[in-house]
Amino acid sequence: MSDTERRLREILGSEFLRPAGAADEVAGVPARWVARPGTVDTVVEVLQLAAERDLTVVPCGAGTKIDWGWSPPHVDVLLDTGRLAGVQLGDGDVVEVDAGTPVRGMQANLAGHKRRVSIDVRSAGATVGGVVATDEAGPLRLSQRDPLTAVSYVDASGVLTRVETSAARSASEVDRLRMCCEPERPQVVLVSAAFRVQPVPEKQVWVSYPVRELPELSPMVSMIISGAAPDAIEVDLPPVDVPGKREIAGTLTVLLEGDRSEVAERQAMLARSTGRAAHLTATAPRWWLRYPFEPGNVALRIEIPTEYLFNVALALYDVFHGAVAIRGSAGLGVLYAGLPANTEPKRVTRALEGLRHVLHSRRGRCLVVAAPPAVRREIDPWDLMHPVPLLHRLVEGLDPDPRSGLGHLPGGG
């Protein structure tokens, strides 16, 4: 046993440190040890030891997005936050949640108090820390402001800090923290977060419209937003057989929630504004809150102003010859696309170049959030229209030593 392993066992307890197995990897890079701290003080000690001994540490919650981002050079310690779990609801409208708590567990706990946090995530089993770190936003982001009010984290040198987002000295302080939690290079280990809570809505209705032609997508979204103040608008566009084809078998679904009279009134407003027949259900479609890709696929995140949704969908179908599934928050202009795992790497590279050209001319961007190793070696996952040097300057304040492996930024970081 090495002296480093001995020290880790002293800090964690022998039962909470183990050699990494075949499945313990970060974006294809195997870890050396898996550590499961049970307290914030233990996290501090682990990171202090890592700083002293030049160890690379990567935090992990449920592992639902552990293959997102770029591959770190190596991983010494995979820090599993699963034992940092708990929900503390105070007398006011704020709940404190430990980072390793599953989002579904948090919501189930709050439901007993007829409360919720307006977070709905697409990763089944995702933890609160993982959702905050990746800024994973679900459909409700359209109508609800960001419920996050505070974050506690331990930085790469082992210093525990708390940031009150509503009382931050400047907007740049909050932006700096969020940047340091980016999945591509998180520079902190989140240990807890505080959120505003709200009452569980009395009624929810999902209103679905068929989308048969791509050109109608953007006008429909605009009409819905202006006509009914929806709580969410999601779109599901399946692969097509013919490249360049504008006829599809897609679905656009609107969520309305509130008390019964309010929902009924907004349903009527929606019907008047669209003038189209719709399918109403009391439960979400099966594809709601699901990414259009599976582990091992090439996974894209596209951000675009809503008026260009049609252009983006058409470009995706064109550059990938129809073999692409598209899904996401049409009202937010955030779409995800999934390509088969066997997509040829050079084809992905060429397609990305064409797609990003379309997006940049329309104030959008495309990130590759996950891909098989063969594709990773060929592509640039970041959309470098956005200046990476700024990202490096922002993270240097929390991690001036480039040794830190609390994340992985393409291009050296």
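This is a predicted model: local features need pLDDT of at least 70, side-chain atom pairs count only at pLDDT 80 or more; totals for chains, interfaces and linings use all residues.

Visitor: Which residues sit on each side?

Guide: Val334, Tyr336 and Gly338 are on one side, with Leu335, Ala337 and Leu339 on the other. In a regular strand, side chains alternate between the two faces of the sheet. In E19 both faces are covered.

Visitor: Which way does E17 run against E19, parallel or antiparallel?

Guide: Antiparallel, with 6 bridges joining E17 (residues 298-303) to E19. Within that pairing, Ile302 has Leu335 as its bridge partner.

Visitor: And how many bridges join E18 to E19?

Guide: There are 5 bridges between E18 (residues 325-329) and E19, and these strands run antiparallel. Ile326 is partnered with Ala337 there. E18 and E19 form a hairpin with 4 residues between the strands, and Gly333 takes a positive phi near 75°.

Visitor: Back to Tyr336. What is its relative accessible area?

Guide: The value is 2%, so Tyr336 falls under the 20% cut-off for buried.

Visitor: Which rings does Tyr336 pair with?

Guide: Tyr291 and Phe293 are both partners. The count for the model is 5 aromatic pairs. Tyr291 and Tyr336 are edge-to-face, 4.9 Å centre to centre with 80° between the planes. Tyr291 lies in the loop between E16 (279-281) and E17, so its pair with Tyr336 in E19 ties together parts 45 residues apart in sequence. Tyr291 is buried too, at 11% relative accessibility.

Visitor: And why is the Phe293 pair edge-to-face?

Guide: Because the planes of Phe293 and Tyr336 are at 65°, with the ring centres 6.4 Å apart. Phe293 is also in the loop between E16 and E17, 43 residues from Tyr336. Both Phe293 and Tyr336 are buried.

Visitor: Which tryptophans form an aromatic cluster?

Guide: Trp206, Trp287 and Trp288 form one.

Visitor: Different topic. What does E7 pair with?

Guide: E7 (residues 94-98) pairs with E6 (residues 87-89) over 3 bridges, antiparallel. Leu89 has Val95 as its bridge partner, and the two strands form a hairpin with 4 residues between them. E7 is also joined by 5 bridges to E11 (residues 188-196), again antiparallel. Val97 stands opposite Ala193 in that pairing.

Visitor: Last one: which arginines lie over a ring face?

Guide: Arg83 lies over Phe16, 3.5 Å from the ring centre. Arg362 lies over Tyr308, at 5.9 Å from the ring centre.

Note on methods. Residues are numbered from 1 along each chain as its sequence is written. Side-chain values use heavy atoms; hydrogens and water are left out. Buried means under 20% relative accessible area, exposed over 50%, partly exposed in between (1.4 Å probe, protein chains only). Two strands pair if DSSP finds at least two bridges between them. Rings of Phe, Tyr and Trp (its six-membered ring) pair if their centres lie within 6.5 Å; planes under 30 degrees apart count as stacked, over 60 as edge-to-face and the rest as tilted. A charge sits over a ring if NZ of Lys or CZ of Arg is within 6 Å of the ring centre and within 35 degrees of the ring normal.
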